[in-house]
Amino acid sequence: IDFIGVVDADGRLHIDVLKEVAYKALRFNSKVLQGPVFQISNIADVSLVGVVAALELALHHLTELSPRLMQNKFQFLAGTNYFIDKTLLVQCGAWNQYALVEDAELAIRLYIKKRVCATWLSCFEIEQTPPNFRVYRRQRERWVRGHLDLLLDIVRSALSGQEKVNFIAKILLS
């Protein structure tokens, strides 16, 4: 298989992640796989805000991300710990270097162009959590601005009216 993996610079992947990616690609023809991310590698050295941010992300990955991916429902990619078939990535134009949330932008484009949704990858990645409120706020502001930038892409897309409403609601209400 010819896949590209995306991992944050501070990320540490589960030892069996490549085995699971290969198995799901070969057995189920999975084209995009997304695994959970747990921000715990620096948990002893962060403020209360960092601990809460780590808990928030873990809860999101375990209660929203995983069930949606296991049911083959659209979900934005989580920015790290995902793997994508190289041919599919090339066919869809790779990453948008100008997108603030390139993971979410890519997920929407994969769905619009190829109707491909990521599937669940059980192997986790461990990374750092924002150490304080200032870093957390900057990260979240970038995520919000980036997701709002996607609204125009959705409106201009060839999605049905109902799909556009669903995507816009996902951005504005999540």
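A word on labels before the first click: helices (H or I, at least four residues) and strands (E, at least two) are DSSP runs, numbered from the N terminus. This is a predicted model, so to speak of local features pLDDT of at least 70 is needed, and side-chain atom pairs count only at pLDDT 80 or more, while totals for chains, interfaces and linings use all residues. Residues are numbered from 1 along each chain as its sequence is written, and side-chain values use heavy atoms, with hydrogens and water left out.

Start with Asn-81, in the loop between helix H2 (48-70) and strand E5 (82-85). Its phi is near 60°, positive in a residue other than glycine. Most residues other than glycine have a negative phi. Asn-81 is also buried, at 0% relative accessibility (buried means under 20% relative accessible area, exposed over 50%, partly exposed in between, with a 1.4 Å probe and protein chains only).

Next, pick Arg-115, in the loop between helix H4 (102-114) and E6. Here too phi is positive, about 55°, and the residue is not a glycine. Arg-115 is partly exposed, with a relative accessible area of 44%.

Now colour the sheet. Four strands form an open sheet in the order E1-E5-E3-E6, with mixed pairing (two strands pair if DSSP finds at least two bridges between them). Strands E1 (3-6) and E6 (119-120) each have a single partner strand, so one side of each has no neighbour in the sheet. Zoom in on E3 (residues 32-34) and E6: they run parallel and are joined by two bridges. Gln-34 sits opposite Trp-120 in E6.

On a 1 Å grid over the protein atoms alone, a cavity is a set of points where a 1.4 Å probe fits but cannot get out, and a pocket is an open set with protein on both sides within 12 Å along at least five of seven lines; lining residues have an atom within 4 Å of a point.

Select Val-32, Phe-74 and Leu-110, which are among the residues lining the largest cavity. The whole structure has one cavity of 30 Å³ or more, and the largest holds about 50 Å³ of space (grid points are joined across faces, edges and corners, and a volume is the space filled by probe spheres set on the points).

Last stop: the largest pocket, with about 1100 Å³ of space. Of its 38 lining residues, Leu-57, His-60, Arg-140, Trp-143 and His-147 are the closest to its centre. Which element gives the most to this lining? H5, with eight residues.
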